[in-house]
Amino acid sequence: MTEQNTRLGIMMMLLTTLIFAMQDGLSRHLAGEYNVYMVVMIRYWFFAAFVITVAGRKAGGLRAAARTRQPVLQAFRALLLVAEICVIVAGFTLLGLIESHAVFACYPLLIAALSGPVLGERVGWRRWSAIGVGFIGVIIILEPGFGVFQPEAILPLIAALMFALYGLLTRYAARQDSAATSFFWTGVVGAIGMTAVGMWFWEPMTASDWGWMVLMCITGAGGHYTLIKCYEVAEASAVQPFTYLQLVFITILGVTVFGETIRINVAIGVGIVVAAGVFTLWRQRVTGHS
């Protein structure tokens with residue numbers, strides 16, 4: 001039964017990565033046409049509505065979902081994630097999907113590196129070695145010193161650091177709060193914070209782009225739903241390596257829809273980053289911590 005659940009979990013994770021890749025493609029299109037803040041704000045309205053609907057159907061309703069003894073931490077987590085989304089979507093428009101995701105793929109290595117100082121977890125020499133190798137991969141992708149270094153290439157790196165910190169704070173919050181509470185705060189506070197910024201950048205959208213916007217919002221809710229279901233049926237450590245397949249779907253989208261090209265240094269760098277990331281996840285699973 002456990003093996004069957006793991007297989008189902010892997011399938012759900014593959015579906016999740018495909019949905020999120022589609023969402024990123026739609027985000028790139030819309031943020032290329034309109035203001036990033038407005039696009040993310042509308043996306044968060046839909047996300048908050050989804051979160052509230054999910055919470056309302058559970059025992060205790062909205063009051064139980066909102067109850068926390070660490071409101072400052074939960075609010076900071078939520079605002080950190082919405083800021084990270086703005087940074088990475090800006091990266092999509094300036095760098096393209098493929099190169100942004102190539103750099104962003106280092107976030108599991110950042111989580112491993114920061115789990116010591118933030119969570120007090122022990123990181124062994126094997127994982128530190130893998131983290132070091134992974135960052136060599138990032139340097140190969142960024143190509144500093146070859147021609148003109150693109151300053152915008154820093155955006156996905158900043159986003160990866162923000163997302164890693166968000167992931168660690170989520171794990172820290174889980175010591176006292178349920179996943180449902182963290183999910184509720186992420187959606188609701190994120191929507192409030194993004195509306196406070198995005199409302200000043202409103203632009204009229206064409207009817208066709210409203211269609212794309214609705215589809216992007218649906219993919220956002222759908223991706224979170226399949227991700228929740230994935231973690232319900234399988235252990236996170238078993239399905240986590242498969243998140244890297246989002247890079248494959250992103251590459252297909254980038255090449256076929258947006259006419260992006262894959263530079264050889266990006267392909268080599270991504271290979272190194274993914275191999276290092278999968279190794280750190282495997283070590284974490286084998287040893288439990290180091």
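In the predicted model, helix H2 passes helix H10 in a right-handed crossing. The axes of H2, which spans residues 36–56, and H10, which spans residues 207–233, come within 9 Å and cross at roughly 45°, and the two helices are therefore oblique to each other. On the H2 side, the contact is formed by Val39, Ile42, Arg43, Phe46, Phe47 and Phe50, which meet Trp210, Met213, Met216, Cys217, Ile218, Ala221, His224 and Tyr225 of H10.

The contact of H4 with H5 contains 5 nonpolar, 3 polar and 2 charged residues.

Cysteine pairing was also examined, and a search of the whole structure finds 0 disulfides. For Cys86, the closest cysteine sulfur is that of Cys217, at 14 Å, which is too far for a bond, given that a disulfide requires sulfur atoms within 2.5 Å. Cys217 is also one of the H10 residues that meet H2. With a relative accessible area of 11%, Cys86 is buried, and Cys230, with a relative accessible area of 0%, is likewise buried.

Methods. Residues are numbered from 1 along each chain as its sequence is written. This is a predicted model: local features need pLDDT of at least 70, side-chain atom pairs count only at pLDDT 80 or more; totals for chains, interfaces and linings use all residues. Side-chain values use heavy atoms; hydrogens and water are left out. Axes are lines fitted to C-alpha atoms, for helices over the stretch in contact, and angles run from 0 to 180 degrees between N-to-C directions. Helices (H or I, at least four residues) and strands (E, at least two) are DSSP runs, numbered from the N terminus. Angles under 35 degrees count as roughly parallel, over 145 as roughly antiparallel, 65 to 115 as roughly perpendicular and the rest as oblique. A crossing is left-handed if the near helix is turned anticlockwise from the far one by less than a right angle, and right-handed if clockwise. Contact means heavy atoms within 4.5 Å. Buried means under 20% relative accessible area, exposed over 50%, partly exposed in between (1.4 Å probe, protein chains only). Ala, Val, Leu, Ile, Met, Phe, Trp, Tyr, Cys and Pro count as nonpolar, Asp, Glu, Lys and Arg as charged, and the others, Gly among them, as polar.
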